[in-house]
Amino acid sequence: MDFAISDEQRMFRDTVYRFAREEIAPLCEEADLNSEFSFEVWRKFGEMGLLGLPVPEKYGGSGADFVTSCLAGEAVGHAGVDGGHTLAWGAHTYLCAANIMQHGTEAQKEKYLPKLSTGEWIGCMGLTEPGCGSDAAALTTTAVRKGDKYILNGSKTFITNAPLAEVFIIFATLDKAKKHKGITTFIVERGFPGISTGKPMHKLGCRASETSEVFLEECEVPVENCLGGEGNGWLIALGGVEWDRSTLVAPFLGGQTFILESCARYANQRMAFNRPIREFQSIQNRIADMKVYLEAARLAVYRIAASKDSGVALNPLTAAVNKMYLGDRGFEMSSAAVDLFGGYGYIHDYPVERFLRDAKLGQLGGGTSDIMRMIVARFMMM
Amino acid sequence: MNYELSDAHKGLRAEMGKFCREEIAPGAALFDEAPPEEAAARMRSNLKKLAGTGFLNLLLGEDLLGSCVAGEELARVCPSTYLAAVSSATAFGRTVKRFSTDTQQERYLPLLAAGERIGAFACTEREAGSDLAGMQTAAEGKDGRWILNGEKDLVTNAPLADFFLVLAWTDREAGLERGMTLFLIDREAIGMTIGRPLETMGLRGAATAGIRLENCSVTDEALLGGSVGAGWDRMQALLEEIKLALSVLCVGVGMACMEESTRHAKAKKAFGKPIGLFEGVGAKLATMFTLNDIGRMMTCRAAWAMEQKDPEGPVLASCAKLFTSEAAGRIADLAMQVHGGHGYLKGAAVERLYRDARFAELAYGTSEMQRAFIARDSLDRFRAA
């Protein structure tokens with residue numbers, strides 16, 4: 001066992017942290033308040049090489065490993081960047097670009113990765129449908145091969161980045177009777193005939209990210225845009241979980257550090273009954289619980305990243321444990337942060353209000369906590 | 001970064017697991033109702049057997065991660081034996097190993113590692129637990145000797161221990177950080193009396209009693225490391241290691257609860273299917289798994305930090321102890337629920353584990369004290385300039 005990071009990783013993390021703190025974070029609270037995606041934030045992500053973080057350098061990316069990607073994510077969250085922009089970043093990089101990087105043909109990689117890596121194109125992934133979320137194998141979007149094209153029909157919902165996206169990773173079924181073995185993945189461009197997106201949804205949290213439905217009506221996709229071969233969509237979706245449970249949640253982990261620091265500063269300076277509130281045990285308890293959570297959550301995230309970097313296949317049990325623990329306990333800790341700030345925690349001027357709203361997604365997105373418990377229980381009952 | 005155990009530690013775990021299942025597990029339930037002499041004899045024999053595997057020597061050494069890995073296997077089958085072993089080899093033994101003179105090392109450690117003799121650590125008093133300022137036990141220097149007077153309470157291993165590490169004032173005026181000293185006192189020392197074994201709720205195999213020191217007269221040889229006034233710092237070092245040991249205890253108890261519950265959830269049927277296939281029971285199993293899994297990582301993380309002499313070690317050890325001890329309580333509660341009425345009966349493994357689980361939230365710094373310590377560390381980092 002070795003929990004240390006390399007000097008190179010540490011330097012990269014610190015550089016990202018400083019840059020995000022000085023250049024990006026100041027733009028974020030207002031963007032969240034207005035539920036507005038900031039292209040300036042996006043450009044700065046791109047400038048720092050974050051949008052193609054794991055993408056090999058020959059395709060215009062930064063060629064980072066999992067641990068380094070997590071460190072960058074943690075640094076950005078720690079700097080105080082809101083959950084909306086980090087979610088947009090994560091969906092773009094890990095759900096869209098990383099899928100093309102892992103499963104794409106050489107031609108697909110050359111075509112899509114360079115512009116995704118700079119951020120000139122924004123990417124998204126469409127798996128969830130109005131009628132199926134956690135039960136993704138029940139999806140109903142169809143794909144039919146017609147000559148040198150596939151014709152896609154159906155709709156997707158809750159798709160992060162969809163209103164802004166140029167590149168869509170879409171899951172559809174070639175044969176519903178084959179259940180998950182019929183699921184196939186496609187790279188769809190906004191310019192293809194028959195694809196459109198809905199109006200951005202008004203969300204509880206992660207507000208600066210834009211989320212909408214995606215409609216596919218007789219959408220024509222060239223055969224060369226099938227990603228990873230027919231019938232392999234389910235495996236691609238499962239593989240995405242590896243990113244989802246580590247790199248994608250790393251900014252949230254950093255956000256928790258940011259919140260702990262905000263709480264500690266506030267507790268040191270806020271007075272009540274002639275003493276700083278840090279002297280009250282109920283305040284200390286919250287700080288301590290946040291710190292314990294942070295240590296636990298960090299171990300959980302980096303365990304997956306480290307094992308991915310050493311080439312070990314993701315343990316689905318571990319992945320589910322991470323998702324549920326980070327999500328559930330993370331939300332409790334965000335709520336504790338609001339309690340610590342009292343009335344000030346309930347207004348937007350302090351970041352804890354925003355963070356509480358953002359944190360709720362941790363229990364829902366990418367498989368609910370309920371589903372995670374079912375997955376773990378199923379393994380235990382085998 | 002690498003979260004995998006080394007091959008050596010994996011081998012250690014497998015060997016220790018096998019030994020514990022074969023040699024220790026069969027007697028684990030017998031501690032509960034056994035008369036004190038019988039329980040003491042069984043514990044002596046367990047410690048002797050453990051010494052034979054090299055486990056006590058491992059606890060005395062610098063491979064903290066290895067101690068955690070092997071220790072979990074023991075705690076899983078017999079939490080009482082684990083607590084007795086670490087009270088002797090970690091609380092007493094490691095402290096002697098780290099801070100004593102060569103003569104003291106030779107006198108105590110080989111016998112301890114061989115399981116021939118047992119150690120205990122005596123600190124708590126009726127009026128002084130987390131707040132040591134209220135401690136009464138004092139050693140007075142007189143004619144080249146030290147005369148100790150006072151009473152210690154809740155001393156794990158006291159009924160069977162041969163050697164005691166006793167915390168006493170040597171200079172009350174000098175305050176906590178300068179005025180306390182650790183003494184090495186033999187069971188046979190004149191003026192030393194061991195109280196009757198106390199009836200504990202759980203961990204009943206780890207015999208506990210108070211001790212009384214009445215004009216107990218010792219020479220400078222009894223001063224740990226030959227020094228006066230270093231008691232506080234050494235206590236902190238001891239506490240850091242014992243917090244880690246308690247984390248291991250809790251993960252072991254949690255694992256045992258989880259295994260019993262999983263077995264039961266597979267075997268017991270209701271409404272035509274194993275109860276574990278119902279979402280409500282399944283979710284409890286999943287929670288147990290999660291808490292054990294993360295608790296073990298936190299324990300290993302703290303052990304690693306301590307091995308690296310990372311200044312974060314004490315805080316991480318507190319985080320691990322706080323997390324795992326509260327997790328063990330919760331897991332034991334869930335295990336009871338999964339077992340239903342049959343878990344509530346004397347003789348049920350989860351009934352014993354439920355009582356065993358409660359200890360670590362109280363011992364060597366209550367959860368309240370851990371939180372205060374952890375919070376102070378974070379708060380102090382972010383004071384306004």
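This short talk covers the overall build of chain A and then the domains of chain B. Keep in mind that the model is predicted.

Chain A first. It has 12 helices and 10 strands. The radius of gyration of chain A is 21 Å, and the globule rule gives 21 Å for 382 residues, so chain A is as compact as a globular protein of that length. The C-alpha trace of chain A spans about 80 × 50 × 40 Å along its principal axes.

Now the packing. Of the 382 residues in chain A, 56% are buried. Then the contacts. Take those in chain A between residues at least 6 apart in sequence. Of these, 75% join residues at least 24 apart.

On to chain B. The domain assignment gives domain 1 at 7-113, domain 2 at 119-229 and domain 3 at 233-380. I will stay with domains 1 and 2 of chain B. Their C-alpha centres lie 23 Å apart. Domain 1 of chain B puts 25 residues into the contact, and domain 2 of chain B puts in 19 residues.

Which helices of chain B each supply at least two residues of the domain 1 side? They are α2 (36-53), α5 (79-99) and α6 (102-113). The largest share, 12 residues, comes from α5(B).

Last, the residue classes. The side of domain 1 of chain B that touches domain 2 of chain B has 14 nonpolar, 9 polar and 2 charged residues.

That is the tour. Questions, please.

Notes. Residues are numbered from 1 along each chain as its sequence is written. Chains are lettered from A and ligands numbered from 1 in the order in which they are written. This is a predicted model: local features need pLDDT of at least 70, side-chain atom pairs count only at pLDDT 80 or more; totals for chains, interfaces and linings use all residues. Domain bounds come from an automatic or database domain assignment. Two residues are in contact if their C-beta atoms, placed from the backbone, lie within 7 Å. Helices (H or I, at least four residues) and strands (E, at least two) are DSSP runs, numbered from the N terminus. Ala, Val, Leu, Ile, Met, Phe, Trp, Tyr, Cys and Pro count as nonpolar, Asp, Glu, Lys and Arg as charged, and the others, Gly among them, as polar. The radius of gyration is taken over C-alpha atoms; the globule rule is 2.2 Å times the number of residues to the power 0.38. A residue is buried if 20 or more other C-beta atoms lie within 10 Å of its own, exposed if 12 or fewer, and partly exposed in between; C-beta atoms are placed from the backbone.
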